[in-house]
Amino acid sequence: MKITMIGAGYVGLVTGACFAEFGFDVVCMDKDENKIKSLNLGIIPIYEPGLDSLVSQGVKSKRLTFTTELNESVSTSDIVMIAVGTPSRRGDGHADLSYVYQAAKDIAAAINGYTVIVTKSTVPVGTGEEVAAIIRKERPDLVEGVDFDVASNPEFLREGSAIQDFMRPDRVVIGTDSQKAREVMQRLYRPLYLIETPILFTNKPTSELIKYAANGFLALKIAFINQMADLCEKAGADVQELAKGMGLDNRIGRKFLNVSPGYGGSCFPKDTLALSRTAHQLESPCTIIDAVIDANAQRKVNMANRIIAKLTERNLSKPRVAVLGITFKPNTDDMRDAASLVIIPELIKQGVDVVIYDPLYYKDSEYLPHLAIQGVTWENEVTFAASAREALKGADALVILTEWNEFRGIDLNEIKTNLATPKGFLPLLIDLRNIYKITEVSGLNYVSLGRPEMNDL
Ligand SMILES: NC(=O)c1ccc[n+]([C@@H]2O[C@H](COP(=O)([O-])OP(=O)(O)OC[C@H]3O[C@@H](n4cnc5c(N)ncnc54)[C@H](O)[C@@H]3O)[C@@H](O)[C@H]2O)c1
């Protein structure tokens, strides 16, 4: 079976490489010439653990190839997957479907023989029908159900553990009313069916909505625990123990109850917004999701204000802050909607000198150009340090923004001795991921989330 993957980004490249690993022939097609050029040179344009060796295995086996040309590969494929971006549309927050629709038009022109067109991108309910309508319009000679079908197959992988998530998913969701398409999709996912992965077949609208409902619910869990953290601070409670006490209830579960400076990334922010817009459009508002969106946006601003308030207490003329971790979560280079995109500009605006160390974004790192590609505008207004230790030296505070594993091992004594500390104060550690235990931070002014501030002067 042959697959063309339209869009070789985080989802297209990972899923394409995984399908090649399953033994299918996969062509990853992308309009971005630089991306395809890099891939053909063996350079992986994104950071995702394990992806480089998976891609090189696929290339070696000749089952994985890359191209900017769509026609040839689509015309010989059994399945064409659309894995292009669906960012928030400027102005109104709806999902921008222009890339999906352009891909549908391009695919239509090239179809030759029965082809299942699969929307793998996260798309609002009704998009699959729209894709089918585009193909019917572009190719009146084709008969739906005979020459082509459109199916929905949302992707649930997480950046940072994408390969494992794809290879061992909690479930696969497929939306189609066509028996013929269902059989093709069954063959595609047979390797996962064999390891007893639940495979849920449903209709297209339900499949499309499952993805948004799942992301909306996960975002809600995050926003909920963050508000509980604020309440814990006022009430003298401990959010870590609260989350544990809640999460041990099997009906709730422990995952996604980690306190944070707000969710970010390529999915939750845009997907909650798109879900809200769709719900309003269909006159069935999801006011819970509306509240989650507002709470999360406010959370990021509150975090910046909290850092500034702590610096203000110290009356510093030109505060300098070391920030550890700027990606939206560990193990990815992805900066989309990261909390750092709100917090760092606010610090700069308030006259703070910001020194950054991130395991991917550090002094002279090969990844630094990725910041500009992703639209980061402040990279020339901060300093990048070569290590966490270097960032710390002489800073007035240390802020942990993203919980990369290597930060867990930082010696607290090193923090104490390297931070600049005015008389009458303790070294200031602001931990926005609660990576330290409250019992191990003596000798520091330790500010974390949803727990008492430590300041044992
Ligand atoms: N990133 C994630 O963790 C994740 C997880 C699950 C689902 N998704 C969804 O998957 C979709 C893709 O996300 P992503 O993070 O991979 O995006 P991405 O921006 O990393 O990649 C999209 C790629 O599509 C290419 N592209 C755009 N239009 C094209 C066209 N007409 N023809 C060929 N290529 C085209 C772009 O050049 C880009 O390389 C989105 O809908 C997203 O919501 C993402």
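**Entry 1**

My cut-offs for burial: buried means 20 or more other C-beta atoms within 10 Å of a residue's own, exposed means 12 or fewer, partly exposed is in between, and the C-beta atoms are placed from the backbone. A note for both of us before going on: this is a predicted model, so local features need pLDDT of at least 70, side-chain atom pairs count only at pLDDT 80 or more, and totals for chains, interfaces and linings use all residues. Residues are numbered from 1 along each chain as its sequence is written.

I looked up Glu283 for its backbone: phi is positive, about 55 degrees, although the residue is not a glycine. Most residues other than glycine have a negative phi. Glu283 sits in the loop between helix 12 and helix 13 (287-313). Helices here are DSSP runs of H or I with at least four residues, strands are runs of E with at least two, and both are numbered from the N terminus.

Asp337 also has a positive phi of about 55 degrees without being a glycine. I found Asp337 in the loop between strand 9 (320-324) and helix 14 (340-349). Is Asp337 buried or exposed? Asp337 is buried, with 22 other C-beta atoms within 10 Å.

**Entry 2**

Two packed helices are described by the angle between their axes and the distance between the axes. I take axes as lines fitted to C-alpha atoms, for helices over the stretch in contact, with angles from 0 to 180 degrees between N-to-C directions.

The axes of helix 1 and helix 3 (residues 51-60) come within 9 Å and cross at roughly 50 degrees. Helix 1 and helix 3 are therefore oblique to each other. The classes I use are roughly parallel under 35 degrees, roughly antiparallel over 145, roughly perpendicular from 65 to 115, and oblique for the rest. The crossing of these two helices is left-handed, a word that applies if the near helix is turned anticlockwise from the far one by less than a right angle, with clockwise giving right-handed.

On the helix 1 side I listed Leu13, Val14, Ala17, Ala20 and Glu21, and on the helix 3 side Leu51, Leu54, Val55, Gln57 and Gly58. Contact means that two C-beta atoms, placed from the backbone, lie within 7 Å. By class, this contact of helix 1 with helix 3 has seven nonpolar, two polar and one charged residues. For the classes, Ala, Val, Leu, Ile, Met, Phe, Trp, Tyr, Cys and Pro count as nonpolar, Asp, Glu, Lys and Arg as charged, and the others, Gly among them, as polar.

I then picked out Ala17 of helix 1. Ala17 counts as buried, with 30 C-beta neighbours inside 10 Å. Leaving aside residues up to four places away in sequence, Ala17 touches Leu51, Leu54, Val55, Gly58 and Leu64. From Ala17 to Gln57 I count 40 residues in sequence and 8.7 Å in space, C-alpha to C-alpha.

**Entry 3: helix 10 and its partners**

Helix 10 (residues 204-235) packs with helix 12 (residues 268-281) at about 115 degrees, their axes 9 Å apart. Helix 10 and helix 12 are therefore roughly perpendicular to each other. Tyr212, Asn215, Gly216, Leu218 and Ala219 of helix 10 meet Phe268, Asp271, Thr272, Ala274 and Leu275 of helix 12.

Next I checked helix 10 with helix 13: the angle is about 50 degrees and the axes are 9 Å apart. That makes helix 10 oblique to helix 13. The contact with helix 13 uses Gly216, Ala219, Leu220, Ala223, Asn226 and Gln227 of helix 10, and Ile288, Ile289, Val292, Ala295, Asn296 and Arg299 of helix 13.

**Entry 4: around the ligand**

Which residues come nearest to the ligand? Of the 26 around it, these are Gly7, Gly9, Val11, Ser121 and Thr122; a residue counts as near if its C-beta atom, placed from the backbone, lies within 6 Å. Helix 1 (10-21) and helix 5 (98-110) are the elements that give two or more residues to this shell. I noted 11 nonpolar, nine polar and six charged residues in the shell.
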